[in-house]
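Colleague: Could you walk me through the aromatic contacts and one of the pockets here? I have the model open beside me.

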Amino acid sequence: VDLELAEREKRERSLIEQTRQLREAQQLSHIGSWYWDARTDASTGSEELYRIYGLDPASDPLPTFTGQRGTFYPVEAWERLNRAVQQTLQTGIGYNMELGALRHGKSIWVTARGERVQDPDGTITGLRGTVQDITELKTAEEALRRSTQRIEIVKDIAEVGFWFCDLPFGTLEWDSMVKEHFWLPPDAQVSIELFYELLHPDDRERTRRRIEHAISTRERFEMDYRTVSPEDGRIKWIRAIGCAFYAADGTPLRFDGATFDITESRRVEAGLRESEIAARAASAAKDAFIAQLSHELRTPLTPVLMTAGALQEDPSLSDDVRQQLRMVERNVALEARLIDDLLDITRITHGKLSLRSEPCNAHSLLRNVVEMVQDEAEERGVRVSLDLRATRPQLPADSARLQQVFRNILRNAPRASVAF
């Protein structure tokens, strides 16, 4: 008797342990088991089954299969499940299906499986099966689907191609866009040899070196190269960006990345460079023309200035003639300064205008300027007067440039005056 009791206790402990392990396995895999008794229409289920549907095993009764309509499953999902159950009862073929379910009124996803149970004499006694909560899996699948759709949108808009290469190189996995970048049809089989064959001869060796360097140093791979059409020799400019992936021991496993067709941007860059070269040539031609023009304009002014200055020394000339000669001298000097201004514009444009600082007297510069613009101001009915009261008129400056500033101010002032 003692042996029988001991054996019974051992079997009971084993059964309890197996039940515990089954319960833990169901919790880990989110799988609940159930049984439906055809004679009583009663259903029983494991604790995990209760959890999946949001019930408390200690207090909540498990509804009948008919009662699960609208509580465990939306109406449409229950109708699908009911058709599967009826077919299993009739044919003996089990069902396995994914469908939407409800937990506390919120949507979840489950995988429902069931099979028919019958006596040895063939009498159907019920159904048994499992329900697995696959909500997390479905959520991940949906996130992956959306991410894939977004990537496809980016690929279509940006014309990005993706390539995946196991190391060492052999057969290469390219999507259709990369194949298009290399003048290949979508169903083409690609090898590392074909990759180098379709590169421009001048780009093959430097591409090979860059790839080997990126893999050996774990650096990002990025470069531009040309692909050549095997049919007509047309060229595309391609930008490739990628990196290698490594095993735990540092062994390189893959070399993956993306390609972009930059042919159009290269064409635009070339056009801009040509335009820049043409603009520089035009600017140089303009500068040369201005320099030549300034020389040609200044050349005849020098003897005129010298002659006017010499005639003013002639004592036989009347005061009116001397005044006219001074006016000629001032206008010729003004013309020379205008030519100098033209050259200054060119120097400023090229950043080559230089200033020469030296001691100068602001009063003297202002007197000179007033004398230059006096006649023009009088012609406009403007009287220019000087009020020089600076106690320290000496200052370091470029006298020619400072005088030019004063002259421009005084020449523009009459235009803005009331009299004008």
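Predicted model: local features only at pLDDT ≥ 70, side-chain atom pairs only at ≥ 80, totals over all residues.

Colleague: Which ring does the charged end of Arg-266 sit over?

Modeller: Here the distance from the charged end to the ring centre is 3.9 Å. The ring under Arg-266 is that of Trp-237.

Colleague: Thanks! How many aromatic pairs does a search of the whole structure find?

Modeller: Pairs are counted when the ring centres lie within 6.5 Å. With the whole structure searched, the number of aromatic pairs is twelve.

Colleague: Are the rings of Trp-174 and Phe-195 stacked, tilted or edge-to-face?

Modeller: Their centres are 6.2 Å apart, and their planes meet at 85 degrees. Planes over 60 degrees apart count as edge-to-face. The pair of Trp-174 and Phe-195 is therefore edge-to-face.

Colleague: How many residues apart in sequence are the parts that this pair ties together?

Modeller: Trp-174 belongs to strand 7 (residues 171-174), while Phe-195 belongs to helix 6 (residues 192-197). The pair therefore ties together parts whose separation in sequence is 21 residues.

Colleague: And how are the rings of Phe-182 and Phe-195 arranged?

Modeller: The ring centres are 5.6 Å apart, with 45 degrees between the planes. This pair also links distant parts of the chain, 13 residues apart, with Phe-182 in the loop between helix 5 (176-181) and strand 8 (190-191). Given the angle of 45 degrees, the pair of Phe-182 and Phe-195 is tilted.

Colleague: Is Phe-195 buried or exposed?

Modeller: Buried means under 20% relative accessible area. Phe-182 counts as buried at 0%. Phe-195 has a relative accessible area of 7%, so Phe-195 is buried.

Colleague: Which residues do ring pairs link into a cluster?

Modeller: Two of the links have come up already, Trp-174 with Phe-195 and Phe-182 with Phe-195. The cluster linked by ring pairs is made of Trp-174, Phe-182, Phe-195, Tyr-196 and Tyr-225.

Colleague: On to the second largest pocket: which element gives the most to its lining?

Modeller: This pocket has a volume of about 300 Å³, and 21 residues line it. Strand 1 (31-37), helix 3 (75-91) and strand 5 (124-133) each supply at least two of the lining residues. With four residues, the element that gives the most is helix 3.

Colleague: How many charged residues does that lining have?

Modeller: The residues closest to the pocket centre are Trp-34, Trp-36, Ser-43, Phe-65 and Gln-68. By class, the lining has 15 nonpolar and five polar residues, and the number of charged residues is one.

Note on methods
Residues numbered from 1 in each chain as written. Heavy atoms only, no water. Phe/Tyr/Trp six-rings, centres within 6.5 Å; stacked < 30°, edge-to-face > 60°. Buried < 20%, exposed > 50% of the residue type's maximum accessible area, 1.4 Å probe, protein only. Lys NZ or Arg CZ within 6 Å of the ring centre and 35° of its normal. 1 Å grid on protein atoms, 1.4 Å probe; cavity = no way out; pocket = protein on both sides within 12 Å on 5 of 7 lines; lining within 4 Å. Points joined across faces, edges and corners; volume = space filled by probe spheres on them. Nonpolar A, V, L, I, M, F, W, Y, C, P; charged D, E, K, R; others polar.
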